[in-house]
Amino acid sequence: MEPITRWLQTILDRTAQKAGMLTLFASAAAFGFGGLIGGLTVAPWVALIAFGLIGCTEIVYRQRKTQAIRLSQAKRHDQNSAAFESFLKSRPHWDPKEFEQFTYGGLQWKSIGFEQMPFPLAITGPFCPRCSNHLAERSEVIFPGRLRVSVFCRCGYGCHLRLPLHTLTDEAKQLAGVPK
Ligand SMILES: [Zn+2]
C-alpha cells in the first residue's frame, strides 16, 4: 500500500496547485456526502473521485476560455481584406466593385474586387439576413467548456453559430472564389 499512497500524494501535491475553488469546494462536499453515506472509510474515495473529475472539467473549461479569447484576437488580425487593400494602394485608379451578395451559414456576405479583375479579392460581412446591417460577434464559454459563438444585430436579430466566425468567414471566402 505504501508506494501507492506515496504516488497518490505526489499526484495530489501537483494537481491541488492547479485545482480551482470549484473543485476544492466540490471535493469537500463529496467528502461530507461520502462520510454521511458510508462513513470515514468511504468519504476519502468519494472526495478523490470528485476531485479528479471536477478538476479535469475545470481545467478543460479554463483551456476553452483561453481558446475563445485567442479566437477573438485572431479575428481582429484578420487578413481577409489584405490583398484587396494592397491592390487599392498600388492601383488607386482601379474601380472597386461588388461582385455578388450571397448567403452562407444563414448570414449574408458580399464578395468584392475590382472592375479590372475577373475574380473577387475579399469578402465583407457577415451582414444581418434581416436588415443587411453589420453584425457583432460574441464568444463565450459555457461551463463545462463548450464554446458558444453568436452574432447579433441592432435590429434585434441574433443567432448561435455552428463554427467560430473567422472559420465561417474563411469558408465563405472560398465559396466566393477568392484566391488563397
Ligand atoms: Zn439586422
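Over how many bridges do E4 and strand E5 pair, and in which sense? The legends below refer to a predicted model.

**View 1. Pairing of E4 with E5.** The two strands pair in the antiparallel sense over seven bridges. Strand E4 spans 136-142, and strand E5 comprises residues 146-152. Ala136 has Phe152 in E5 as its bridge partner.

**View 2. The open sheet E4-E5-E6.** Three strands make up this open sheet, in the order E4-E5-E6, with antiparallel pairing. Strand E4 (136-142) and strand E6 (158-161) are its edge strands, each pairing on one side only. On average, neighbouring strands of this sheet are turned by 25 degrees against each other, direction ignored.

**View 3. Pairing of E1 with E2.** Strand E1 covers residues 96-104 and strand E2 covers residues 107-114. Eight bridges join E1 and E2, which pair in the antiparallel sense. Lys110 in E2 stands opposite Gln101. In a regular strand, side chains alternate between the two faces of the sheet.

**View 4. The hairpin of E1 and E2.** Two residues lie between the strands of this hairpin. Gly105 takes a positive phi there, near 65 degrees.

**View 5. Pairing of E2 with E3.** Besides its pairing with E1, E2 pairs with strand E3 (residues 122-127). The E2 and E3 pairing is antiparallel and has four bridges. Ala122 in E3 is the bridge partner of Ile112.

Notes: Residues are numbered from 1 along each chain as its sequence is written. This is a predicted model: local features need pLDDT of at least 70, side-chain atom pairs count only at pLDDT 80 or more; totals for chains, interfaces and linings use all residues. Two strands pair if DSSP finds at least two bridges between them. Axes are lines fitted to C-alpha atoms, for helices over the stretch in contact, and angles run from 0 to 180 degrees between N-to-C directions.
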